[in-house]
Amino acid sequence: MTETFDDIPERHNMQTVAFYNVENLFDLRDGKFTNDGDFLPESVKRWTSKRYKNKLRKIGFAISNIGRQETGKHPAIVGLAEIENAKVLKNLLESKHLETCNYDYVHFDSLDERGIDVALLYDTTVFEPLYTETFSVILTDENDIPDYTRDILLVGGNLDDEKVYFIINHWSSRREGVKETEFKRLAASEKVSEIISSLTINNENARIMILGDFNDNPQNESLKRLIEDHNLFNPFETLRSFTRGTVKHRRQWFLFDQVLISTNFFKSSKKQFEFFKANIFDVDFLKQFKGTFKGAPFRTYVGKKYKGGYSDHFPVYAIFKK
């Protein structure tokens, strides 16, 4: 007799928490307050209805399979980056592979100059949001003009009747140089530190997960400070290698996407979730399957050239069990 997921009782007590930078998930409308000119049907990129629906279907398929090998089900929680607005989230949840997953979402528009935000998807059958708030990272350029970036999203609620806080991030990119932009990611790190302190001042045992595309690797100062200042654990410190990461640039792998957790997820209790494992979801269907960039994330676009893939990032996930 073939063994199935349902034959293994431990799987029913597991939940997956994932993060996915979905690479420019824009709708087809010209937004008044977003810089979305590249993602319109008449633009050079020719962002058509067919391409949009293909993107939604593929991202939905990827999300529905994160952690499925270990748990036999779709993720309970998914942090997202590069979401234009609530409309694309609604369309995503209505897409073929997610329409039966009982997902809802938390999203707020930010002042990001590219018009992209973070969001949280959650399975309504296992998570009940009780508290949501956004936090802006205050930045200025060399002329003291405000430099707007993505807000940080905080969502607190009950995951299988256990109180958990999720902090969703998409920190500033390295496009203008690693050193030149480091201060921006350090500012975001400091803001997350403030959020964690505000949660733990009233409850030192608050159970917290920090999910995001940090545009920094685990060993960079922005993440090391968070780990040290708040006694966090980063399971992704050991996963990056010369042949593996979440994003590839100029033939080099980077592990910008991570899930950090408070160390009280190691306290073994039948009534509480305990950290089980973490991994990069770099399965074959998410990879470029041939050519110079074989093995790299299968992207939607490379420059202005349409490739029809998923994203320029691999998702990451952590699994917890009771």
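Trainee: Which hand does the crossing have where helix 4 passes helix 5?

Mentor: A crossing is left-handed if the near helix is turned anticlockwise from the far one by less than a right angle, and right-handed if clockwise. Keep in mind that this is a predicted model, where local features need pLDDT of at least 70 and side-chain atom pairs need 80 or more, while totals for chains, interfaces and linings use all residues. Residues are numbered from 1 along each chain as its sequence is written, and side-chain values use heavy atoms, leaving out hydrogens and water. When helix 4 passes helix 5, the crossing is right-handed.

Trainee: Which residues of helix 5 make the contact with helix 4?

Mentor: Contact here means heavy atoms within 4.5 Å. Helix 4 brings E182, R185, L186, S189, V192, S193, I196 and S197. Its partners on helix 5 are E221, S222, R225, L226 and H230.

Trainee: How many residues of that contact between helix 4 and helix 5 are polar?

Mentor: Sort them by class: Ala, Val, Leu, Ile, Met, Phe, Trp, Tyr, Cys and Pro are nonpolar, Asp, Glu, Lys and Arg are charged, and the others, Gly among them, are polar. The contact of helix 4 with helix 5 has four nonpolar and four charged residues, and the polar ones number five.

Trainee: What angle do helix 4 and helix 5 make?

Mentor: Axes are lines fitted to C-alpha atoms, for helices over the stretch in contact, and angles run from 0 to 180 degrees between N-to-C directions. Under 35 degrees is roughly parallel, over 145 roughly antiparallel, 65 to 115 roughly perpendicular, and the rest oblique. Helix 4 and helix 5 are therefore roughly parallel. Their axes are 9 Å apart, and the angle is about 20 degrees.

Trainee: How many residues of helix 1 are buried?

Mentor: Buried means under 20% relative accessible area, exposed over 50%, and partly exposed in between, with a 1.4 Å probe and protein chains only. Among the buried ones are Y52, L56, I59 and I63. Helix 1 is mostly covered, and of its 17 residues the buried ones number twelve.

Trainee: Which residues of helix 3 touch helix 1?

Mentor: Helix 1 and helix 3 pack at about 65 degrees, with axes 9 Å apart. From helix 1 come Y52, L56, I59, G60 and I63. From helix 3 come K87, V88, N91 and L92.

Trainee: Why does L40 count as buried?

Mentor: L40 sits in the loop between strand 1 and helix 1. Leaving out residues up to four places away in sequence, L40 touches L28, R29, D30, R46 and W47. L40 counts as buried because its relative accessible area is 7%.

Trainee: Is R250 buried or exposed?

Mentor: R250 lies in the loop between strand 10 and strand 11. R250 isn't a glycine, yet it has a positive phi of about 50 degrees. At 76% relative accessibility, R250 counts as exposed.

Notes. Helix = DSSP H or I, 4+ residues; strand = E, 2+ residues; numbered from the N terminus.
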